[in-house]
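Reader: Could you take me through this model? I would like to discuss its sheet, its salt bridges and its surface.

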Amino acid sequence: MADAPYLVALALVEFGGKRALPLTGKSQSAAAAEAIDPGDDGRTLALELLLRLWQRSEEGPLQRAAGEPSLLLVELPMEVMSEQLPLLKANWISGGETAAFLSSLEGLAIRAWRITIAKYEPVSFIAWP
């Protein structure tokens with residue numbers, strides 16, 4: 001399963017004006033990697049990430065840092081997840097351009113979705129970008 005993609009939920013946010021990029025992820029099975037959308041795995045990761053954000057809300061006011069694409073679910077090759085994503089994250093947190101971060105992430109992702117929800121509707125995934 002070393003070649004299986006990794007599914008990552010991430011949030012570009014600010015707590016009290018300070019940038020943060022919490023994330024959570026899991027390895028994908030071959031069947032999940034071929035599905036049209038991330039399904040239950042994606043919903044589980046989104047819930048876990050949002051609960052972590054809620055727990056950190058004591059650090060200060062929470063604000064999205066990138067508008068609509070502030071909450072993303074991306075499918076990445078494992079080597080990108082372990083080698084390149086930490087560098088992108090560190091660069092963005094230290095003041096890098098948000099547009100450059102999103103563009104780089106888009107270039108590395110196999111597939112990606114914005115995580116959205118509407119009143120009385122379940123979590124949905126919209127292809128990103």
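Predicted model: local features only at pLDDT ≥ 70, side-chain atom pairs only at ≥ 80, totals over all residues.

Reader: What is the strand order of the open sheet?

Author: The order is S3-S2-S5, three strands with antiparallel pairing. The edge strands are S3 (18-20) and S5 (62-64), each of which pairs on one side only. From one strand to the next, the twist averages 35 degrees.

Reader: How many bridges join S2 to S3?

Author: Three bridges join S2 (residues 13-15) to S3. Phe15 has Lys18 in S3 as its bridge partner.

Reader: Turning to charges, how many salt bridges are there?

Author: The count comes to six salt bridges. In one of them, Lys26 and Asp41 have their closest N and O atoms 3.2 Å apart. Lys26 lies in strand S4 and Asp41 in helix H2, so this pair ties together parts that are 15 residues apart in sequence.

Reader: And which residue does Glu68 form a salt bridge with?

Author: Glu68 forms a salt bridge with Arg114, with the closest N and O atoms 2.8 Å apart. Arg64 is linked with these two residues in a network of salt bridges.

Reader: Is Arg114 buried or exposed?

Author: Arg114 is buried, because its relative accessible area is 17%, under the 20% limit. Glu68 counts as partly exposed at 46%.

Reader: Now the surface: which residues make the nonpolar patch of about 370 Å²?

Author: Leu47, Leu51 and Trp54 make that patch. Trp54 lies in helix H2 (residues 39-56) and counts as exposed because its relative accessibility is 62%.

How values were computed. Residues numbered from 1 in each chain as written. Heavy atoms only, no water. Patch = residues over 30% accessible without salt bridge, like charges linked within 9 Å, V, L, I, M, F, W, Y side chains within 5 Å. Areas by Shrake-Rupley, 256 points an atom, 1.4 Å probe, with all protein chains shown as cover. Salt bridge = Lys/Arg side-chain N within 4 Å of Asp/Glu carboxyl O. Helix = DSSP H or I, 4+ residues; strand = E, 2+ residues; numbered from the N terminus. Buried < 20%, exposed > 50% of the residue type's maximum accessible area, 1.4 Å probe, protein only. Pairing = 2+ DSSP bridges. Axes fitted to C-alpha atoms, helices over the stretch in contact; angles between N-to-C directions.
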